[in-house]
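Here are a few exercises to work through with the model open beside you. Try each task before reading its solution.

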Amino acid sequence: MSAPIKPLTENFAVAPQLGPEDMADVAAAGYKSVIINRPDFEGGPDQPTAADVSKAAAAAGLAVEYQPVVGSAMTVSDVVRFAELLKTLPGPVLAYCRTGTRCTNLFAAAQQLG
């Protein structure tokens with residue numbers, strides 16, 4: 001896998017942009033779920049789509065959720081939904097966006113909800 005995974009806890013990690021070709025490695029690393037926080041085409045037409053990544057994730061046995069969040073316009077609803085996903089998805093969970101920062105910020109804000 002080309003993108004580095006950054007664990008934040010035993011059950012949660014973040015990564016920069018991943019593609020369909022990374023999903024088998026994500027599963028092999030022990031993750032059970034993937035949250036895609038990067039909106040489709042945010043990085044242009046060459047960015048892998050959530051549908052393509054989701055298909056590869058499912059084929060690798062991963063649960064996957066597409067929750068597109070615009071980093072500069074994160075809302076309380078985004079944080080609440082992210083917190084719900086962390087409670088309901090099988091762990092450990094890996095979330096990705098462009099650099100991993102947006103996912104890290106969502107995680108920190110979700111922790112504040114309790």
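**Exercise 1.** Decide whether F82 is buried or exposed.

*Solution.* The model is a predicted one, and its relative accessibility for F82 is 0%. Buried means under 20% relative accessible area, so F82 counts as buried.

**Exercise 2.** Work out how many aromatic pairs there are, and describe the geometry of each.

*Solution.* 
- Step 1: apply the distance rule, under which ring centres must lie within 6.5 Å. The count comes to two aromatic pairs.
- Step 2: take F12 and F82, with 5.9 Å centre to centre and 90 degrees between the planes. Planes over 60 degrees apart count as edge-to-face, so this pair is edge-to-face. F12 sits in strand 2 and F82 in helix 3 (residues 76-88), 70 residues apart in the chain.
- Step 3: check the burial of F12. Its relative accessible area is 2%, so F12 is buried.
- Step 4: turn to F12 and F107, which lie 4.4 Å apart centre to centre with 5 degrees between the planes; this pair is stacked. Here the link runs from strand 2 to helix 4, across 95 residues. F107 is buried too, with a relative accessible area of 12%.
- Step 5: The ring pairs link F12, F82 and F107 into a cluster.

**Exercise 3.** Describe the surroundings of strand 3 (residues 33-36).

*Solution.* 
- Step 1: look at the partners. Strand 3 runs parallel to strand 5 (residues 93-96), joined by four bridges, with I36 opposite Y96. Four bridges also join strand 3 to strand 4 (residues 63-66), again parallel, and S33 stands opposite A63.
- Step 2: follow the chain from strand 3 through helix 2 (residues 50-59) to strand 4; this β-α-β crossover is right-handed.
- Step 3: inspect the faces. S33 and I35 on one side, and V34 and I36 on the other, are all buried, leaving both faces covered.

Notes
Residues numbered from 1 in each chain as written. Predicted model: local features only at pLDDT ≥ 70, side-chain atom pairs only at ≥ 80, totals over all residues. Heavy atoms only, no water. Buried < 20%, exposed > 50% of the residue type's maximum accessible area, 1.4 Å probe, protein only. Helix = DSSP H or I, 4+ residues; strand = E, 2+ residues; numbered from the N terminus. Pairing = 2+ DSSP bridges. Right-handed = clockwise from strand over helix to strand, strands pointing away. Phe/Tyr/Trp six-rings, centres within 6.5 Å; stacked < 30°, edge-to-face > 60°.
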